[in-house]
Amino acid sequence: MARVLMAWELGAHLGHLTRLRPVAAALKARGHGISFALRDVMGARALLPPELGRVYQAPLAINVTPQPAWTMADVLVSCGHGDASHLAGLVAAWQSLIDASGCDVVIADHAPTALLAARAARVPAVHIGHGFSVPPRLSPLPVFRDWAPPPPAHAADVDAQVLRQVNTVLADAGAAPLDHLCDLFYPERTLLCTWPELDHYGGLGRGEGEYAGPDCEYAPGAEPAWPTGTGPHVLAYLRRSHPGHADVLQALAASGLPTLCYLPGEGDAPVHAPTLHISRHPLDLRLALPRSSLMVCHAGQATVAQALRLGIPVLMLPEHAEQHLIARQVERSGAGVNAALQPQPAPYASLIAAMVRQDGPHAQAARALAQRHAAFDPAALTGRIVEAAESLLT
């Protein structure tokens, strides 16, 4: 039996943990010991059964002033990689977790400091993630926030700055330096868990064979209770933090289409209508999606991929850069609309009316995308990650 540390350091919400959970369960079933180092240990309580493994708080940078992020190197600066002394402290904390867990291999999901600590400690690692957290093998790391270009030479300058700090920490540990900063994201094994149509970088610097497919296994949820009404059914996953969530719900209520919406958080529903049912609990998408003609969401990869696998178009309300990049790629494929790029206020009523039409261009593009990836099996992706981890245990 081997011991595996599952690491998640950066990124909002729990999507990274939902990618790690089935891998952890599969490794546990094969007799391996599991522990977790997680950004959000409170949210993890709702997703991880206690018997799956011990949970540690992931080391996180504090007292670091966030800066505008144009490249992944900027993201690293904001999480403590811009100063060698700060970075050394974070790496030491991660190494303490590696020692405490007794792990033989690290599986990292959006956990660059964990990858650096594993490299310094000579512990092999598997890096999994979607296109944003697994940037291309390019130097300098490419600009993703291209709608507001950085100052000249910024990408090269910040790349070189972070590479110096990383190599200082590696030298202090007696480990080999990195030739390029992008090498940090490619340890012994790396799996790019996305499709080309969902790649944040639009395929830049990628090979077709690099794409392992998105993590989109269905998670347990409440049985869907559809409201009464006629016409195409609409499924929505929204957050109150998005300023447009009430407007899109109002448009759905006015459409008269049977709509089921997961809207977490306290407070009254912003809209009431007989054709609109709002749930505070995640829904069983295995049951809810096949009846849906449209998915409305914030462009989280798993939710988008689950809809597109069934040929369901997506209306996306991105909240941050990662989601905006996915939404832009899906819109380019024709299978969805990025509401952030629409004239504001977004014309939700006309968008919904167009996107629920089965003979419309969005539905046709979504069905074409589903056909291209008809052979994809999310469970097989979990198996590939397990195989990658076990291949390093010798």
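Reply: Start with His81, which sits in helix H3. Keep in mind that this is a predicted model.

Me: Why is His81 called buried?

Reply: The cut-off for buried is under 20% relative accessible area. His81 has 0% relative accessibility, so it counts as buried.

Me: What makes the pair His81 and Thr113 a polar contact?

Reply: The limit is 3.5 Å between N or O atoms, with one able to donate a hydrogen and the other to accept it. The side chains of His81 and Thr113 are joined at 2.8 Å, and this is a polar contact.

Me: Which residues does His81 touch, not counting residues up to four places away in sequence?

Reply: His81 touches Leu76, Leu87, Pro112, Thr113, Leu116, Val162, Gln165, Val166 and Leu184. Touching here means heavy atoms within 4.5 Å.

Me: Now Tyr237. Where does Tyr237 lie, and why does it count as buried?

Reply: Tyr237 belongs to strand S7, residues 233-237. Its relative accessibility is 14%, and buried means under 20%, so Tyr237 counts as buried.

Me: Which residues are in contact with Tyr237, leaving aside neighbours within four places in sequence?

Reply: They are Tyr262, Pro282, Leu283, Leu285, Met295, Val296, Cys297 and His298. With Leu283, a polar atom of the Tyr237 side chain lies 2.7 Å from the backbone nitrogen. Ile278 is 41 residues from Tyr237 in sequence, yet the two C-alpha atoms are 9.8 Å apart in space.

Me: Next, the pockets. How do you know where empty space is left?

Reply: A probe the size of a water molecule is rolled over the atoms, and that shows the empty space.

Me: What is the volume of the largest pocket, and how many residues line it?

Reply: The volume is about 1,400 Å³. The lining has 49 residues, with Leu14, Gly15, Thr18, Ala302 and Thr303 nearest the centre. Helices H1 (15-29), H9 (301-309), H10 (321-333) and H13 (378-391) each give two or more residues to this lining. H1 supplies the largest share, 7 residues.

Me: How does the lining of the largest pocket divide by class?

Reply: There are 25 nonpolar, 17 polar and 7 charged residues in the lining of the largest pocket. Gly counts as polar in this scheme.

Me: What about the second largest pocket: which volume, and which residues nearest its centre?

Reply: The second largest pocket has a volume of about 560 Å³. Its lining holds 21 residues, and Leu10, Gly11, Arg39, Val75 and Glu322 lie nearest the centre. Helix H3 (72-81) and H10 are the elements giving two or more residues. H3 gives the largest share, 3 residues. By class, the lining of the second largest pocket has 12 nonpolar, 5 polar and 4 charged residues.

Me: Finally, the whole chain. How many helices and strands does the chain have?

Reply: The chain has 13 helices and 12 strands.

Me: Why is the chain called as compact as a globular protein of that length?

Reply: The globule rule gives 21 Å for 394 residues, and the radius of gyration of the chain is 21 Å, close to that value, so the chain is as compact as a globular protein of that length. The C-alpha atoms fill a box of roughly 65 × 50 × 40 Å along the principal axes.

Me: What share of the chain is buried, and what share of contacts joins residues 24 or more positions apart?

Reply: Buried residues make up 55% of the 394. Among contacts with a separation of 6 or more, 66% are between residues 24 or more positions apart.

Definitions and conventions: Residues numbered from 1 in each chain as written. Predicted model: local features only at pLDDT ≥ 70, side-chain atom pairs only at ≥ 80, totals over all residues. Heavy atoms only, no water. Helix = DSSP H or I, 4+ residues; strand = E, 2+ residues; numbered from the N terminus. Buried < 20%, exposed > 50% of the residue type's maximum accessible area, 1.4 Å probe, protein only. 1 Å grid on protein atoms, 1.4 Å probe; cavity = no way out; pocket = protein on both sides within 12 Å on 5 of 7 lines; lining within 4 Å. Points joined across faces, edges and corners; volume = space filled by probe spheres on them. Rg over C-alpha atoms; globule rule 2.2 N^0.38 Å.
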